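Welcome! Please have a look at the structure below, and then we can walk through a few of its features together.

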Amino acid sequence: LQRQKMNHTLKYHRIPNTEIEHPPAKELLDKMAKLDARIVEITSAFMANNLDSYITLELMIKRAGGIIDHAVVYPSFHKLSDRVKNSDKGKIFAERIAKTGRMLAGASVPHFEALTPEGKTLKLETILNSGKYTILDFWASWCSPCRKENPYLVQAYNTYSRKELNI
């Protein structure tokens, strides 16, 4: 299935940009989506039936990617056998999962310091003790969706910063 998907992907990327909206390109995208769904189905079945397998842990880590969805990964990880969870890789992954649990919406934020654009040290504790509601928004300059949200934060800041809101 992976080989078929790769072949379709290669064919798709050879299509000129002017033909991306044409039926042959859309057919390739449809085939790739169906293969993806089948791969997820097979992988999920394997993982559910092999909770004492290091391969399941590897698949779980790969599926989680760089940004772990704590609500999905935490319950799945804890279904693994103790042998797999307590392996070196299992312990490292458990720590990554634990860190995401500490950063859930509504959770207490760990205290930290960062530099302002002016190079001064700013402590989170100072902001939180200001008596205002505080929004912490972590984003990256390369993240297009993050950057699209910035004008809304600026608008909220301009509207509420003198009253009860820190951003």
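## A residue to start with

Does Val154 count as buried, exposed or partly exposed? Keep in mind as you look that this is a predicted model. Val154 has a relative accessibility of 47%, so this residue counts as partly exposed; the cut-off for exposed is over 50%.

You will find Val154 in helix H8, which covers residues 144-160. If you trace the chain from Val154 to Ile167, you cover 13 residues in sequence, while the C-alpha atoms of the two are 8.7 Å apart in space.

## The disulfide

How many disulfides does a search of the whole structure find? The search finds one. Its partners are Cys143 and Cys146, and their sulfur atoms are 2.3 Å apart.

Cys143 counts as buried because its relative accessibility is 14%, and the cut-off for buried is under 20%.

## Helix H1 against helix H2

Let us turn to helix packing. Helix H1 spans residues 2-13 and packs on H2 with the axes 9 Å apart, at an angle of about 155 degrees. H1 is therefore roughly antiparallel to H2, as angles over 145 degrees count as such. The crossing of H1 past H2 is left-handed.

Which residues meet here? On the H1 side they are Gln2, Gln4, Lys5, His8, Thr9, Lys11 and Tyr12, and on the H2 side Ala25, Leu28, Leu29, Lys31, Met32, Leu35, Asp36 and Ile39. Sorted by class, this contact of H1 with H2 has seven nonpolar residues, together with four polar and four charged ones.

## Helix H2 against helix H3

Helix H2 (residues 23-49) also meets helix H3 (residues 54-64): their axes come within 9 Å and cross at roughly 135 degrees. With that angle, H2 is oblique to H3. The crossing of H2 and H3 is left-handed.

From H2, the contact draws on Val40, Thr43, Ser44, Phe46 and Met47. From H3 come Ile55, Thr56, Leu59, Met60 and Arg63. The class tally for the contact of H2 with H3 is six nonpolar, three polar and one charged.

Definitions and conventions: Residues are numbered from 1 along each chain as its sequence is written. This is a predicted model: local features need pLDDT of at least 70, side-chain atom pairs count only at pLDDT 80 or more; totals for chains, interfaces and linings use all residues. Side-chain values use heavy atoms; hydrogens and water are left out. Axes are lines fitted to C-alpha atoms, for helices over the stretch in contact, and angles run from 0 to 180 degrees between N-to-C directions. Helices (H or I, at least four residues) and strands (E, at least two) are DSSP runs, numbered from the N terminus. Angles under 35 degrees count as roughly parallel, over 145 as roughly antiparallel, 65 to 115 as roughly perpendicular and the rest as oblique. A crossing is left-handed if the near helix is turned anticlockwise from the far one by less than a right angle, and right-handed if clockwise. Contact means heavy atoms within 4.5 Å. Ala, Val, Leu, Ile, Met, Phe, Trp, Tyr, Cys and Pro count as nonpolar, Asp, Glu, Lys and Arg as charged, and the others, Gly among them, as polar. A disulfide is a pair of cysteine sulfur atoms within 2.5 Å. Buried means under 20% relative accessible area, exposed over 50%, partly exposed in between (1.4 Å probe, protein chains only).
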